[in-house]
Amino acid sequence: ATVATLIYLALQVRANTRASQAASIQDMLDGARDRIIIPNVVHQDVPNIFARGLSSPDNLDPTEKIRFHMMLQENVLQLQNVLNLRNQKMLSEDDYRA
């Protein structure tokens, strides 16, 4: 009975780890969608502000500068999440490189 219980627990831990990894990857993908893709589609000025902010941030007006810095912060937080998942071995090397 003890051996059977240990085998059962090992299988449950493995299944839980896989489910946790899948949820983490989905959260990462959802975050990229929510922070990067959707704003660029919904708000047509976002790609323009981002491109101008990268090439000449001094030419942005004060409101655009704030928006640009928020965009950068969102990207950094998303990438930090990806790096944390990789460091915790919850993200494969292929997914990390993508």
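A salt bridge is taken here as a side-chain nitrogen of Lys or Arg within 4 Å of a carboxyl oxygen of Asp or Glu. The model is predicted. A search of the whole structure finds four such salt bridges.

Arg 52 is partly exposed, at 29% relative accessibility. Glu 64 counts as buried, because its relative accessibility is 17% and the limit for burial is under 20%.

Glu 93 and Arg 97 lie four residues apart in helix H4 (residues 93-97), so about one helical turn separates them. Through these shared partners, Arg 86, Glu 93 and Arg 97 join into one network. Arg 86 is partly exposed, with a relative accessible area of 29%. Glu 93 is likewise partly exposed, at 33%. Arg 97 is exposed, at 67%.

The packing of H2 and H3 was examined next. Two packed helices are described by the angle between their axes and the distance between the axes. The axes of H2 and H3 (residues 62-87) come within 9 Å and cross at roughly 90°. H2 is therefore roughly perpendicular to H3. On the H2 side, the contacting residues are Asp 45, Val 46, Ile 49, Phe 50, Arg 52, Gly 53 and Leu 54. They meet Glu 64, Arg 67, Phe 68, Met 71, Leu 72 and Asn 75 in H3.

H2 spans residues 45-55 and includes Ser 55. Ser 55 is exposed, with a relative accessible area of 58%. Its C-alpha atom is separated by 22 Å from that of Ile 38, 17 residues away along the chain.

Gln 78, in helix H3, is buried, at 5% relative accessibility. Leaving aside neighbours within four places in sequence, Gln 78 contacts Met 28, Gly 31, Ala 32 and Arg 35.

A nonpolar patch lies on the surface, formed by Val 3, Ile 7 and Leu 11. Together these residues have about 290 Å² of accessible area. Val 3 belongs to helix H1 (residues 2-42). Val 3 counts as exposed, at 58% relative accessibility.

Methods:
Residues numbered from 1 in each chain as written. Predicted model: local features only at pLDDT ≥ 70, side-chain atom pairs only at ≥ 80, totals over all residues. Heavy atoms only, no water. Patch = residues over 30% accessible without salt bridge, like charges linked within 9 Å, V, L, I, M, F, W, Y side chains within 5 Å. Areas by Shrake-Rupley, 256 points an atom, 1.4 Å probe, with all protein chains shown as cover. Helix = DSSP H or I, 4+ residues; strand = E, 2+ residues; numbered from the N terminus. Buried < 20%, exposed > 50% of the residue type's maximum accessible area, 1.4 Å probe, protein only. Axes fitted to C-alpha atoms, helices over the stretch in contact; angles between N-to-C directions. Parallel < 35°, antiparallel > 145°, perpendicular 65-115°, else oblique. Contact = heavy atoms within 4.5 Å.
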